[in-house]
Each structure stands twice: as C-alpha cells, then as structure tokens.
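These are my notebook entries on one protein chain. I set down what I looked up, in the order in which I looked it up.

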Amino acid sequence: MSLGYAEKLSYIEDVGNVGMTEIHDPPHILHDKIERLTKIIRKSKHLVVFTGAGISTSCGIPDFRGPTGIWTLQRGGNALPEASLPFHRAMPSRTHMALVELERAGILKFVISQNIDGLHLRSGIPREKLSELHGNSFMEKCTSCGNEYFRDFEVESVGLKETPRRCSNVDCDAKLKDTVLDWEDALPFEEMNPAEVHCERADVVLCLGTSLQITPACNLPLRCLRGGGKVVIVNLQKTPKDKKASLVINGFVDKVIGGVMDILNLRIRPFVRIDLLQTIFTQAMSLDQRYVNWTLRIASVHDKRALLPFVKSVEISFSDHTMKEVVLDKHPFQLKRRTVWKIEPFDVILKVNFSEGCGCPCSRMKIPIDFHTSRDELKRDEEYVFGKLKSKAIKSSSCGQNSVIERKMITSPKSEVIICAIVTNVRWYDEITVRTSGAGSLGKCSLKRRKDGKNEMEAARKLPKGQYRHDKL
C-alpha cells in the first residue's frame, strides 16, 4: 500500500504558521501588478521560477496553509476531503503548462520546486532544467549509476528507502530507492547545487504559490539579490520574504500567470498524457506436438509485477469466433489458453478499459497471431510516436489513440513483446476555463473565485466519447 499524498507531505514540510488568511489584491491593482510582472519577465536575462504547493491546488492537490489546506484542517480537527480522483491521475495546471511555454521560448532558464507531485516533469519541463528539492513521488533512483525512473504509479515508500525494483542498466542491477525526503534527510546535493547556482546567476527569481517558510529551501530565491537580481512573489498569503521582494502579488497563481502569457502573446498548448503498457505473448508446444500452450499478459513497462494504474480491466475477443471471449478484471491481466497447432492465423482484439481519472472509457488494439511465422522486430523513435499521437488527440479533441513503439522477439521462452503508447488524457487551457477530454479530472473548477470562498477549481467540459482505433500491434 503506497502512502497517501498528504501523509507523504507530512515528512517534508514544516507545520508552523498554518491557517494563514488569504489576501486578494483588488482587480485594478492586480491588473497593474500583472503588467509590471510581464515587464520584469520581458527584461530578464536569466529567469528562475521557484514553486510551492499553491501552483497545484487547481489540479485538485491541496496546499497546506490555506483556509482549506491540509494542516489548517488538521489543526481544526477537521477531516481531510476525499480526493475526487487518484493522485497519479493529476494533470498539470495552467501555470505548469505556461512555464513549459516560457522555457520553450528561451525565457525561463530553470525551475526549482518544493513539490513532490511530479507535475513539472509530466508537463514537459526538461529534467536538466529542474530541481525537485524534496523529491518526486513517482521517481525511483539508482544510487549506484544514477539512473532515474519516472513511474506512472506512486512509489511505495518515502525516506530514500529501497523499493522492490532494480536498475535496468545491465552493468548495474542495483536496487532502486525512492526520492522523497524524510524529516532527517538533507536536501540532495544533485538537486540543491544547481538550484543554488541558478539562483545566484538569476536576475529574476519568480516565487509561485509558496509560503517561503520551509528551510533551507526558502532562502534560495534571496541568493539572486547579491548580484542585483529581483525577487517577485505570487501567493495568496503573506510570506516572511515579502519585504525583500521587488514585487508581491496576492492572487491566484493561474490567473496571474495566465495574464502574463496573454500580454506576452504566448499560447499555452494542450496537455496530452501518454501512458505505456506492454503485451507479452508466450507460446510453447505441448509434449505430443499437437497443441500450442500460450499466455497473453498485459503488463506495466516499468516492471512486470507492477500494477497498471490506468487500466481497470481488459476485454479480450478473437477474430476466430470459435474461441471464447474473456474479461480480465484484476491484476495480473493474464490469459492462458491451449490451441491446436494447425490453426490458421488469427487476431487477438484487446479492449483496454481505463480506470478513474482517464479522459475516455477505453482504447482498442489488435494483435495478429501466427504460430508458424515469427514477425520482424521493430523499434520506433519514441519522441516521433508521441508527437504523432499528441497531434491526433488534439485534432480530434479526444483520447484513446494508441501506437506501437517497440516489438521484440525472445527465443526462450518463445515470446513476442510489444510496447504500446496510449493517449489517456487531453486538457486544454482556454482564456477563462480549463477543459478536459471526458468527464474525469482531479480539478473541476474555474479560475474565477467562487462566492463561497472555497478553493478555485477548474471547469471540466464533458465531451463525446473518444474515438477509438483498431490499431494493429
């Protein structure tokens, strides 16, 4: 059982000064401040962004010190709200995606995050331009060779502990560890060092959605002051560093950054989530050479024993209608059959039903089976495949598209392994609302503040069912 997000965060955050009152700049002042911030960003030569929990609240992930924050509720003896969707299905906010566009435009040089939700990486910020000071709930690391593994599931532990998996580097094979810090853990050098270097080099450090109270991380933005740089703070509460800042904006981060992007005339492109799975088809002749005993397994690409968190069930049918259909509704998704050796080639048709939080119900794919002939191996460029899938998903305003990335043959036991990429979510960032393909999303709220004073939520627009392709694997 993996730790819940709130439980994980209790390991890494300081609980002082919780429940602080939200402050909102009046509309005309907020507008002026957004224009000032845009001018500062335009003039910057080395912009660094420092982020906290406040940039992920519109993704459905609670903050800590806000009126409905985790510690505010706990201190008041109130129960934490039920998550509307699983943590691993959280999608980037408008701010996350705006930072990606600023990086692509060459304006943003580096991102420093105190969050462990993995949304900066998932949004598209390059790993080499990101420091995750407190770790990443979805990241495992090999402490021997340094390889990192970004998972589609939450890693089971915190505190830099060993996990059940090993490094896939053939020259290494060391045990992997989680990356989320425990109380006594020092900030890792490989994350802290580039953060310090970039803050010292920065002419602007833009702090987004952070209370700037967690030491030693909170002191990083001030390093730019030594070289004449500026600190800008966007947050809904006062921070201890406000007096050091050249500009303090009290408002929703998404609204502020959205306003900056409008003035800069930079469009925020849709977020398309692509998940991977593998099908493993293994066959062996019976002792009398009359039958083929075969197994089909639908598994995680991260580890054959790992769960597929985005798959609820798999319906299997066959082009040969004499073969019985089956539904696999629990992990491991595995089917075992015996078929006569002389059977004609046939297709296995998979209907992969998605779990809660995905943008459409399912995706369909087809696997040709021929016991007498082996197929050629195949390896496609992953970035190219991802690009094609994203374009199709955005153009059709739907998800469920899939494509083969790799097909490899194993001689013993005789097996065919196919790695497939599937579009499981699409999210658009319009001027006023955020909309998601399908009905499922962690955040279902608008950027406009609700009159009852609760946290902002992103508006989700229910779209028609996604278009499904019978992709031949």
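**Entry 1: Leu277.** I began with Leu277, which lies in strand 11 (residues 271–285). Helices (H or I, at least four residues) and strands (E, at least two) are DSSP runs, numbered from the N terminus. I noted that this is a predicted model, in which local features need pLDDT of at least 70 and side-chain atom pairs count only at pLDDT 80 or more, while totals for chains, interfaces and linings use all residues. Residues are numbered from 1 along each chain as its sequence is written, and side-chain values use heavy atoms, with hydrogens and water left out.

Is Leu277 buried or exposed? Leu277 is buried, because its relative accessibility is 0%; buried means under 20% relative accessible area, exposed over 50%, and partly exposed in between (1.4 Å probe, protein chains only).

I then listed the contacts of Leu277 (contact means heavy atoms within 4.5 Å). Not counting residues up to four places away in sequence, Leu277 touches Ile298, Ala299, Val301, Leu308, Phe310, Val311, Val352, Ile418, Ile419, Cys420 and Ile422. The C-alpha atoms of Leu277 and Ile422 are separated by 8.0 Å, although these residues are 145 residues apart along the chain.

**Entry 2: The nonpolar cores.** I next looked up the nonpolar cores, each a set of buried Ala, Val, Leu, Ile, Met, Phe, Trp, Tyr and Cys residues joined through side-chain atoms within 4.5 Å. Which residues touch the most other members of the largest core? Among its 44 residues, they are Leu277, Trp294, Leu296, Ile298, Ile316, Val348 and Leu350. Strand 20 gives the most to this core, with seven residues. A second, separate core has 37 residues, including Ile55, Leu108, Val260 and Val434.

I also checked Leu296. Leaving aside neighbours within four places in sequence, Leu296 is in contact with Thr279, Ile280, Phe281, Ile316, Phe333, Gln334, Leu335, Val348, Leu350 and Ile367.

**Entry 3: Helices.** I turned to Thr38, which lies in helix 2 (residues 27–43). Thr38 counts as buried because its relative accessible area is 1%. Beyond four places in sequence, Thr38 touches Val260, Ile263 and Leu264.

Two packed helices are described by the angle between their axes and the distance between the axes. Helix 4 (residues 94–104) and helix 7 (residues 253–264) pack at an angle of about 35°, and their axes are 9 Å apart. Axes are lines fitted to C-alpha atoms, for helices over the stretch in contact, and angles run from 0 to 180 degrees between N-to-C directions. Helix 4 contributes Arg94, Thr95, Ala98, Glu101 and Leu102 to the contact, and helix 7 contributes Val253, Asp254, Ile257, Gly258, Met261 and Leu264.

**Entry 4: Backbone details.** I found a cis peptide bond between His331 and Pro332, with omega about -5°. Pro332 is in the loop between strand 14 (326–328) and strand 15 (333–340). Another cis peptide bond joins Ser412 and Pro413, with omega about -10°. The place of Pro413 is the loop between strand 19 (402–410) and strand 20 (415–429).

Leu212 is not a glycine, yet has a positive phi of about 55°. I located Leu212 in the loop between strand 8 (204–208) and strand 9 (230–234), and Leu212 is buried at 2% relative accessibility. Ser397, also not a glycine, has a positive phi of about 55°. Ser397 is in the loop between helix 8 (382–396) and strand 19, and is partly exposed, with a relative accessible area of 31%.

**Entry 5: Cysteines.** How many disulfides does the structure hold? I found zero disulfides (a disulfide is a pair of cysteine sulfur atoms within 2.5 Å). Cys167 is in no disulfide, and the nearest cysteine sulfur, that of Cys145, is 3.5 Å away. Cys167 is buried at 4% relative accessible area.

The sulfur of Cys224 is too far for a bond, because the closest cysteine sulfur, in Cys199, is 7.1 Å away. Cys224 is buried, with a relative accessible area of 0%.

**Entry 6: Confidence.** Finally, I looked up pLDDT, the predictor's confidence in each residue, from 0 to 100. The chain has a mean pLDDT of 85, and 83% of its residues reach 70 or more. Over residues 69–73 the pLDDT stays under 50, and the model has 26 contacts beyond four places in sequence for them. The pLDDT is also below 50 over residues 439–471. Where pLDDT is low, the predicted coordinates should not be read in detail.
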